Amino acid sequence: MSENEIVTTLINARWIVTVNSKRSILENHCLAIDKGKIVAIEPQGQHRISAHEVIDLPHHVLMPGLINAHGHASMSLFRGLADDLPLMEWLQNHIWPAEARWVDEAFTMEGAQLAMAEMIRSGTTCFSDMYFYPNIVARSAAEAHMRCQIAFPILDFPTNWAANAEEYLRKGLQLHDDYRNHQLISVGFGPHAPYTVSDAPLMKVATMSVETNMPVQIHLHETAFEVQDAIEKNGVSPIQRLNELGLLNPQLQAVHMTQLSDDDIELLAQTGTHVIHCPESNLKLASGFCPVEKLLEAGVNVALGTDGAASNNDLDMFGEMRTAALLAKGVSKNPSAVPAHVAIELATINGAKALGIDDITGSLETGKSADLIAVNMNDISCQPHYHLASQLVYSTPSSQVTDSWINGRQVMKQRTLTTIDQAAVLSKAHLWRAQIQQADETLR
């Protein structure tokens, strides 16, 4: 940038956690934003940058906005509806019947707004969503100025959104065309799981993904029952089946992955498949443990997701980072597994890599989109701090996130949302709770 150029925003911060290739943590630096991008990161007092807006954050850390790489945003309206149940009982006896009754365009829009408000307030600037009425979620995300990957659903059976796999694909591809050039919204395939999608549509997805360069996200190896049932019915595990169908490749985002052999891990590494780890949802549903340390050692890219609020029960990526780090240590019996700086990468740059947008976001570097958050480190819960990355992962609550920018636009200012009407979101959530509770005998 030229000496006399005036940028949009200049932020002076106590620390900047860049998450660049050197894992640089800068002290007393400033970050300049112009036209939605980071145009400079320089020492304070040693620059000649002028700005229309100067923000001083002497007790804050700037870091990349967190990336929630898997979730079902609108299911926030089912938060707490059917807790403490095994996965298939939870799905078949509670969630799927509730979805059949309640999920429509209004439910999807207002659930997505509730989820986005929660995510922004807890430090997330980008999320991936796999749910019905993806056109409504895409529109809501665009209105909230939130970065989003829409993985449109594909199933063999009818739902409120489509009658069969062919209609899911047709509607989803139209959505991809509608948002082809959008700055914040990208669209990919979202076949639900190997046990809900047959070979023919999966083969179509594999072919079209290559032809269109669209990503694919799927629930995979989520439970031991899923794997064993598939072997008994098909003679091969779900991961082997997907490989035979041509789906294991760098465009695949495999979610959960709690049941993996060493051969599975080697196959994932060879094919460049990404893994989306959802530690808190897996724990709550007793699905199993994703072998994160083994995956990372094998060179597999691992990102983090919260899953939906109906099975988590929050969308707090700070909590997810902490749980991922602690769980990896317990599973591997190695206290050095997934150290703090790696946990931060799982929630930022690794998520960007999984979604195929690491050239745009996931780290704070010049030329990248200004997707960042400011975290107040002057709270009692954050004191004293000796190692900043450790403090962010193990001690800092998401409530310390005070400000958030997405593509250069400030979407939260001093804990106040600027693109979402928080009062309206709360009011609508209360109305949904009242009617769902009244109609559901299990809640009485």
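Select helix 2 (residues 105-121) and note how it is covered: 13 of its 17 residues are buried, where buried denotes under 20% relative accessible area, exposed over 50%, and partly exposed the range in between, with a 1.4 Å probe and protein chains only. Helices (H or I, at least four residues) and strands (E, at least two) are DSSP runs numbered from the N terminus. The model is a predicted one, in which local features need pLDDT of at least 70 and side-chain atom pairs count only at pLDDT 80 or more, while totals for chains, interfaces and linings use all residues. Residues are numbered from 1 along each chain as its sequence is written, and side-chain values use heavy atoms, without hydrogens or water.

Remain with helix 2 and display its first and last C-alpha atoms. The helix reaches 24 Å between them, close to the 24 Å expected at 1.5 Å a residue; the expected span is 1.5 Å times one less than the number of residues. At the start of helix 2, select D104: one of its side-chain oxygens comes to within 3.2 Å of the backbone nitrogen of A106. After the helix, select G123, whose phi is positive, near 100 degrees.

Next, show the side chains of E118 and R79. They form a salt bridge, with the closest N and O atoms 3.0 Å apart; the term denotes a side-chain nitrogen of Lys or Arg within 4 Å of a carboxyl oxygen of Asp or Glu. Because R79 lies in the loop between strand 5 (66-68) and helix 1 (87-102) and E118 in helix 2, the pair ties together parts that are 39 residues apart in sequence. R79 is partly exposed, at 34% relative accessibility.

The structure holds 13 salt bridges. For another of them, select K35 and D34, whose side chains meet at 3.2 Å, N to O. K35 is exposed at 72% relative accessibility, whereas D34 is buried, with a relative accessible area of 9%.

Move to helix 6 (residues 224-234), where K233 and D229 lie four residues apart, about one turn of the helix. Their side chains form a salt bridge of 3.1 Å, N to O. K233 is exposed, with a relative accessible area of 63%.

An open sheet of eight strands has the order 3-2-1-4-13-14-15-16, with mixed pairing; two strands pair if DSSP finds at least two bridges between them. Its edge strands, each pairing on one side only, are strand 3 (37-43) and strand 16 (416-417).

- Strand 1 (residues 6-17) and strand 4 (residues 50-64) run parallel and are joined by nine bridges. Here T9 stands opposite E53 in strand 4.
- Strand 4 also pairs with strand 13 (residues 372-376), in the antiparallel sense, over five bridges. The bridge partner of L62 is A374 in strand 13.
- Strand 14 (residues 401-406) and strand 15 (residues 409-413) run antiparallel, with three bridges between them. S404 has M412 in strand 15 as its bridge partner.

Finally, display the surface and select L283, F289 and V331, a nonpolar patch with about 250 Å² of accessible area together. Patches consist of residues with over 30% relative accessible area and no salt bridge, with like charges joined within 9 Å and nonpolar side chains (Val, Leu, Ile, Met, Phe, Trp, Tyr) within 5 Å. Accessible areas come from the Shrake-Rupley method with a 1.4 Å probe, and for residues only the protein chains shown count as cover. V331 belongs to helix 11 (residues 317-332) and is partly exposed, with a relative accessible area of 37%.

Terms used. Polar contact = N/O pair within 3.5 Å; in protein donor to acceptor, adjacent residues only side chain to side chain.
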